[in-house]
Structure formats: structure tokens, C-alpha cells
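These are my notebook entries on a single protein chain. I record each item that I looked up, in the order in which I took it up.

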Amino acid sequence: MRHPWSALLVSWLLLTTSIPLAHAEPPATPPSAVAEGFIPMRLAAVHKGDVTYVQSLARMIRAIEESTGKQIRPELFANGKKGSEETALQEQLQGNLEGGFYSSLTLARQLPAFRALATPQLFTRPEHLRAFVGSPLDLALREHAKTKKLLVLGYASYGFYGVLNFRPSQPSKDHAPTLTDLTTRVPNDPWMIETHQALGLRPAFPPAADLSEAIASGWIQGVVATPELLNRTAFANTNATAFHHTRHLHGWMILAVNLNWFNGLAPEWQEAITKAAAALPQSVDQALAQEQKILGKWSSENHFTNLTPPAHEVTTQSLKTLAMKNAREMEPLLNLPGAITQMWNQNQLASPQGRREPTVKTPDPGKKPPTRDPAKPRTQP
């Protein structure tokens, strides 16, 4: 039986090669805006309005409208109305959009240093995400974005990655589901392929339209995604054996606007936009809370196991080697010698013990309180 496949996850899974971008020019003001005397702010997002990070963008839009008396009128083009992230980014730099939300790998195709955010296991816990905002790595990435005339306003999240496992369970209850040599659908992107090979998976790329049948036939035994994205498909069902919340990657979304457009605004409008964007860090916590709700739902309704292996079990030697290689390659691009490597090592020290993922209604007795890093800034520029 062919299950419905969410077009939104298709657009995320099917990562295409990027098209060279034109030189960044100030976005042209639509004639209607000139006639009515307001400043347009067209913003793109590939997912629907019920995804947490898109909801945060909608809240930001309302705040901008209210604080500027509708002198700036943001318009949200969600659900991929401006095409894929790559297409929307091209439209932005050509002046047909003022801004949008983009994944780290989409930006990395034009700004290679953003691949730092896709370093395996650089972020594995909520406190790692909070510590990043305002950190030297964050500030360096913002400066790096300006080389393409992009201004990073803030970050949002679509959760931590994991693997939905469809491989049949072992007859013995003593054998927990494993990921070893699991033939798994991953985004068809060179970096994602390399990362998941290092994780011990066997990446495969069936056409999205055939994915349901590939799972039913047993050819595809796993799907890599975050809980929020998987929950939008028919795959998170009772046919699954387990969801391995490996947290080997974090789904960062970066809100960037055209720098020339922003610099052309009056100072009071610039301040209104940056103040509205200052609430974006709250959306990261909201996304993680939503993730916990989804995991609880899967446990109670779908009757498959949610597993959160400890970081040292996820960290194969190949994955660690790849993470360190990526860190060393990104550090010179950002003029941060040793910083990403040090962050990776520090974030591995306090990894939680492996356990079943707690639901939102069940206290997690093994969770340790967050450890504050006194060296990290707490404010967002």
C-alpha cells in the first residue's frame, strides 16, 4: 500500500545542486508599495505554518508590523511558495525577496563555513544550542554571511536528527534494535551521505514517490530526519521498530535578510526588526518542547521504542574523525583557530547516559541540570 508522502519532507530530503547566484543587489520595491507608501519585507520558508520555526517567523512579522505602525509590511511566503530553499536564496540575492529561513547546508553551498553547524555531534543537548547564540562561532558566521550581502537576524530549530528504524526486531527481547548496516534513506547531499556512512548506516536514495513501497518491501529499513519532520509523514507508525534519537546533527534554521536592503532602512526601522528577531531564541526551546511531545505521542500511540543512546555509543571512530576534519576545515574560514574543535570536545564531556526518551508527562530521572559555561555570551547581537 502506498502511504502519502509529505511534499514538505520531500523538499527537505531531495537536496539538489545549487545554481550559481547573481551578485547581490538591493531588493526592488514593488510598484504597489511605492504607491501606498510602505516598505515591503517578503520572507520565504519552505515548510507550512504549523512547523515551529515558521510559527516563530509569523510572530516576528506581527511584532514588526505593530512596532512600525505597518510602515514595514512583512509578507510570509510559507509552504515553499517561493520554491526550494536554494531557489528562495537565489531570489533573495537577486532582489525579489528581502529574506527567508535557510538550513545550514543550504547556506553552506554559497558560504562554506556554515557547514560548521553540520559538524556531527557538535550540538547534542539543549544547552549546547543556547550556548551557541552569541558565541564566537555565531558572531563569526554572521560576519561570514555579510560577504554575500546577507545579514543573519537569528536562528530557529526543527529539532535533533534521529533514525526511524523499520528493520524487524530480533526474536529475543534481550536484543534492542540496532543501526548497524541499516539501509537508510538520507538526504541526497554529499555531506549528509558522508556523515551517515560514518555513523554506520548504509545510505540509499529511492525516489520519494517510491519510498513507502521501498519500506514495505524491506529494501529501505530506516529514514533519517527529525521528529517534527517525520511526524508530518505516514512513516511514524506501528510498522516502525524504534526511533533512535541519536542527535548526531541539529536542524538549525537561519533567518537572513538582504544586507543592502537592511542598510537602506531608517535606523528606527532597523531597530524594530532586530528587536522583533531577538525573540527567536525562545523558538528553539519551543521546538524542543514540541519534539518531546511528539516522542511521547509515538511511545503511547504507536507502540515503538524511543531510544536515546549516549553520545559515546553514537560516536564511531569514523564519525569522530569526520567531525574533527570538518572542524579543522571550517576554523580557518572563520578565523577561529581551534574553537570548533574545543567546542566539540567540551560538548562530549557531559553527555547523558543512554535511556528511553522521556515523554512530556514523565520526569526524566537521569537528566542532569544544565551546566552553565561562564565564558559564553548570553545576548544576541
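**Entry 1: a tryptophan and its ring partners**

Is Trp-252 buried or exposed? I worked from a predicted model. I found Trp-252 at 1% relative accessibility, so it counts as buried, the limit being under 20%.

I then looked up its ring partners. Tyr-155 and Trp-252 form an edge-to-face aromatic pair, with 5.7 Å from centre to centre and 70 degrees between the planes. Tyr-155 lies in strand S4 (residues 150–160) and Trp-252 in strand S10, so this pair ties together parts that are 97 residues apart in sequence. Tyr-155 has 2% relative accessibility and therefore counts as buried, because the value is under 20%.

I next noted the total: the structure holds 9 aromatic pairs. One of them joins Phe-123 and Trp-252, again edge-to-face, at 5.4 Å centre to centre and with 80 degrees between the planes. Phe-123 belongs to the loop between helix H5 (104–108) and helix H6 (126–132), whereas Trp-252 is in strand S10 (residues 250–258); the pair therefore ties together parts 129 residues apart in sequence. I recorded Phe-123 as buried, with a relative accessible area of 2%. Ring pairs link Phe-123, Phe-132, Tyr-155 and Trp-252 into a cluster.

**Entry 2: a glutamine in the loop**

Where does Gln-121 lie? I located Gln-121 in the loop between H5 and H6. Its relative accessibility is 0%, so Gln-121 counts as buried. I listed what Gln-121 touches, leaving out residues up to four places away in sequence: His-248, Ala-311, Val-314, Thr-315, Leu-319, Trp-344 and Gln-348.

**Entry 3: two helices in contact**

I turned to helix H8 (residues 190–198) and helix H15 (residues 317–334). Their axes come within 7 Å and cross at roughly 145 degrees. On the H8 side, the contact is made by Trp-191, Glu-194, Thr-195 and Ala-198; on the H15 side, by Ser-318, Leu-319, Leu-322 and Asn-326. I sorted the residues of this contact into 4 nonpolar, 3 polar and 1 charged.

**Entry 4: charges over rings**

Trp-191 came up again here. Arg-115 lies over the face of Trp-191, at 4.4 Å from the ring centre. I also recorded Lys-82, which lies over the face of Phe-77, at 4.5 Å from the ring centre.

**Entry 5: the sheet and the helices across it**

What is the order of the strands in the open sheet of 5 strands? I read the order as S2-S1-S3-S10-S4, with mixed pairing. The edge strands are strand S2 (72–77) and S4, as each pairs on one side only. Neighbouring strands are turned by 20 degrees against each other on average, with direction ignored.

I noted as background that strands of a sheet pair through backbone hydrogen bonds, either parallel or antiparallel. Strand S3 (residues 99–103) and S10 pair in the antiparallel sense over 5 bridges. In S10, Val-257 is the bridge partner of Gly-99.

Lastly, I looked up two helices that lie across strands. Helix H12 (residues 267–277) lies across strand S1 (39–44), S2 and S4. Helix H13 (residues 280–302) lies across S3, S4 and S10. I recorded that H12 runs at about 15 degrees to S4, and that H13 also runs at about 15 degrees to S4.

Conventions
Residues numbered from 1 in each chain as written. Predicted model: local features only at pLDDT ≥ 70, side-chain atom pairs only at ≥ 80, totals over all residues. Heavy atoms only, no water. Phe/Tyr/Trp six-rings, centres within 6.5 Å; stacked < 30°, edge-to-face > 60°. Helix = DSSP H or I, 4+ residues; strand = E, 2+ residues; numbered from the N terminus. Buried < 20%, exposed > 50% of the residue type's maximum accessible area, 1.4 Å probe, protein only. Lys NZ or Arg CZ within 6 Å of the ring centre and 35° of its normal. Axes fitted to C-alpha atoms, helices over the stretch in contact; angles between N-to-C directions. Contact = heavy atoms within 4.5 Å. Nonpolar A, V, L, I, M, F, W, Y, C, P; charged D, E, K, R; others polar. Pairing = 2+ DSSP bridges.
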